[in-house]
Amino acid sequence: MAGTVTVFPSGARRTARPAPHNPHPQRIAIIGGGPGGLYSAALLKRLDPNRRVTVWERNAPGDTFGFGVVLSDETLGGMEHADPTVHAALQPHFTRWNDIHITHRGTHHTSGGHGFAALGRHRLLKVLQDRCHALGVDLRFRSEAPYPAWLAESHDLVVAADGVHSATREAYADAFRPRLTHHRCRYIWLAADFAFDAFRFDVAETEHGVMQLHGYPYAPDASTVIVEMREEVWRAAGLADLDVRESVDRCAETFADTLGGRPLRCGTSAWTTFRTVVNERWSHGNVVLLGDAAHTAHFSIGSGTKLAVEDALALAARLQEQPTTADALTAYEAERKPVVASTQRAARASLEWFEDLGRYVGQPSRQFAFNLLTRSRRVTHDNLRLRDPRFTATVERAFGCPPGTPPMFTPFRLRGLTLRNRVVVSPMDLYSATDGVPGDLHLVHLGARALGGAALVMTEMVCVSERGRITPGCAGLWNGRQTEAWRRITDFVHTQVPGTAIGVQLGHCGRKGSTKLMWEGMDEPLDAGNWPLVAASPLPYRPDGQTPRELTRAQLTDVREEFAAAARRAARAGFDLLELHCAHGYLLSGFLSPLTNHRTDAYGGPLQRRLRFPLEVFDAVRAGWPEDRPMTVRISATDWAEGGTTAEDAVAIARAFAAHGADAIDVSTGQVVADERPEFGRSYQTPYADRIRHEAGVPVIAVGAISSWDDVNSLILAGRTDLCALARPHLYDPHWTLHAAAEQGYDGPGAVWPAPYRAGSRPPRTGRTDAPRPRLTLTGPGRPSPP
């Protein structure tokens, strides 16, 4: 019998039992009497009254962590459908409100239309306990659950709802493969004996650092209060040296204005740090994880109890629908994992925003409020505009949006270049040049996207030498023929789309060159016709790739001059902006990362020395580039690999380039080492741009899975970036920017339709959708139901 072996005190060895093949397990053990465990018990017993369902809970019935629970309308709808009795019992106890109130540096902002429902955690537990008793569930309080392996042997199904510190998860850690991440803030769950009139976010800037209060009502006379701060602030304020009661009194003094001078109570709470729990698998044999045992989501998005209740609903439904328990557990995990992963991404973004709260307190007050509301990326500019158009309009006015102008269509200035909107067509390699000369495809590709409304259209990485190419199809700027070909393209953009800028990205392949065209095998070595590679250090990008030669001092000078010469040609070709490519593992990026720069001379070692050659190249390029035209630098802000470039390094790199005259930093990530492990997700790279913008004080371009105009508006208005660069959306739709304007009803100077295209500035009519509908539908005996 396969399974994880658990050693019992008696020395007996037992294994997890395979999930039974009977369709409906009859003997069910539930470990943990929190909301998730109790609701699972009630649902499973209700669906089959003959089941023997036992719940073990080591605490007393009234013991609980926290005070109030927030549930969404979606979750409540699922509860109503699954068990109307529980739903009806909860309804009279909900406290509902719509507003979020934010206090920042003495200024108060209120945003409405959000819709919350909360009740006391004790009340929720009492309702669920009563329902379990009524259904005949065996509730065993103040009882430690038997060993999971014993329960797995003696029951058809074991539901582990034993919380973030789950002993069941640890007993089968080899099977579940959990990952626990500890975070940087201390927090404590408290209560106030009065009801806030809104969800409260209050910020206190103390001599020790920033502290924040999260608060919401859960009863007519009570509110949950969470006080949170960075670990170092908690210690500097002396809270670590006080007992809990004294520290709570200190918190009440800090937030006296918010609390109206009233005290806080702490119950059994203590200061703790949040742990994010992720499990590779949620079931093992007939043991299944539920709620915090399977996953956690930070309290700042209020999803812990919500997720546990939804887990219980899904598990019960799958056990009812699937032919076997094993199938049910597989289906349960498949259904819930993507939902939870999405929630955890949002919760992680929210958690990190509050961890870095000190970064944002200097923002203008209205922008700070908007930034806070959109921190998880689940609430967006468009969504907030629907919830509270008045609040959103005040934020837009404070930002400088003219009436009727979305944030993405406000202008932005870089040196002598004014961009009429905030959209950039990101560099996209076409691998279609001949001898480095761009052809008709480049003209059509870049020209079409310039016609499509973006303020700035960027070329692919243009190589500064023949040996600096990635593939035989890469474009270049190492001779006059290439310069004239680029001039043809820039002339087209400037003539046909006045006011649109076109930029060139200059780079050198480094160790990632002499490879096949992307569609023939990305990063795979050429079968024939290879050219020698050079890099910071003699390290191949892939085990089967060519080992580059380490650049000598003389070769460094030659490469630097190749960049400078290419910059002068770019100026003659008529480009409006030049970007130096120091990302993605190409030559200059290879100097920056400690994973690819193992040099022992003046160009290797600490970051200051690893920066030396890229800065020398930047200075040489800047000297050959017209003074009034801007220069940007693209960097990889993390290598997504242990021992590589860190976010702190990225800030230092950005500061260094800005000090040498960079007008903006184009913040990408990764592609530096082949064994990277990126954390993909919507707008997943923007936090790095956000950090660089605020800490290095330099304009930034955000990239990475930004796919909607709503994302662009949200990021710009929140102050997380200055420009947004999009690639794949512009492959899908060359007129993405103009269509974004049309969809928002905007036709101002930030999105100018070319004269021949103006007839297309409104969506075309489709088939008729206004046909009259039946006024009356009759059903009943002998009458068919309508299709």
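Predicted model: local features only at pLDDT ≥ 70, side-chain atom pairs only at ≥ 80, totals over all residues.
**Exercise 1. A salt bridge across the chain**

Describe where the partners of the salt bridge between aspartate 711 and arginine 682 lie, and how accessible each of them is.

Solution. 
- Step 1. The two side chains meet at 2.8 Å, N to O.
- Step 2. Aspartate 711 belongs to helix α26 (residues 709-717), while arginine 682 sits in the loop between β28 (664-668) and α25 (686-696); the pair, 29 residues apart, links distant parts of the chain.
- Step 3. Aspartate 711 counts as buried because its relative accessibility is 5%.
- Step 4. Arginine 682, at 36%, counts as partly exposed.
- Step 5. Serine 683 lies in that loop between β28 and α25 as well. Its phi is near 55°, a positive value in a residue other than glycine. With a relative accessible area of 1%, serine 683 is buried.

**Exercise 2. Salt bridges in the whole structure**

State how many salt bridges a search of the whole structure finds, then examine the one between aspartate 156 and arginine 27.

Solution. 
- Step 1. The search finds 46 salt bridges.
- Step 2. In the pair of aspartate 156 and arginine 27, the closest N and O atoms are 3.3 Å apart.
- Step 3. Aspartate 156 is in the loop between α5 (148-154) and β11 (157-160), and arginine 27 is in strand β3 (residues 27-31); 129 residues separate them, and the pair links distant parts of the chain.
- Step 4. Aspartate 156 has a relative accessible area of 8% and is therefore buried. Arginine 27, with 32%, is partly exposed.
- Step 5. Salt bridges also form a network, whose members include Arg184, Glu355, Arg359 and Glu695.

**Exercise 3. The length and bend of a helix**

Check whether the end-to-end distance of helix α12 (residues 325-355) agrees with its number of residues, and locate its kink.

Solution. 
- Step 1. Helix α12 has 31 residues.
- Step 2. At 1.5 Å a residue, the helix should span 45 Å. The expected span uses one less than the number of residues.
- Step 3. The end C-alpha atoms of α12 are 42 Å apart, which agrees.
- Step 4. A kink of about 30° lies at lysine 337, shortly before proline 338.

**Exercise 4. Strands and their partners**

Give the strand order of the open six-stranded sheet and name its edge strands.

Solution. 
- Step 1. The order is β10-β4-β3-β11-β18-β17, and the pairing is mixed.
- Step 2. The edges are β10 (138-141) and β17 (283-284); each has a single partner strand, so one side of each is without a neighbour in the sheet.
- Step 3. β17 pairs with strand β18 (residues 287-289) in the antiparallel sense, over two bridges. Serine 283 stands opposite valine 288 in β18.
- Step 4. In another pairing, strand β12 (residues 178-192) runs antiparallel to β16, joined by seven bridges. Threonine 181 stands opposite threonine 276 in β16.
- Step 5. Strand β16 (residues 272-279) is largely enclosed by the rest of the structure, because six of its eight residues are buried.

**Exercise 5. A nonpolar patch and a loop residue**

Which residues make the nonpolar surface patch of about 340 Å², and where is arginine 377?

Solution. 
- Step 1. The patch is made by Met518, Trp519 and Met522.
- Step 2. Methionine 522 is in the loop between α19 (518-521) and β24 (534-535). Its relative accessibility is 46%, so methionine 522 counts as partly exposed.
- Step 3. Arginine 377 is in the loop between α14 (365-373) and α15 (381-387).
- Step 4. Although arginine 377 is not a glycine, its phi is positive, about 70°. Arginine 377 is buried, with a relative accessible area of 18%.

Definitions and conventions: Residues numbered from 1 in each chain as written. Heavy atoms only, no water. Patch = residues over 30% accessible without salt bridge, like charges linked within 9 Å, V, L, I, M, F, W, Y side chains within 5 Å. Areas by Shrake-Rupley, 256 points an atom, 1.4 Å probe, with all protein chains shown as cover. Salt bridge = Lys/Arg side-chain N within 4 Å of Asp/Glu carboxyl O. Helix = DSSP H or I, 4+ residues; strand = E, 2+ residues; numbered from the N terminus. Buried < 20%, exposed > 50% of the residue type's maximum accessible area, 1.4 Å probe, protein only. Bend = angle between axes of the 7 residues up to and from the residue. Pairing = 2+ DSSP bridges.
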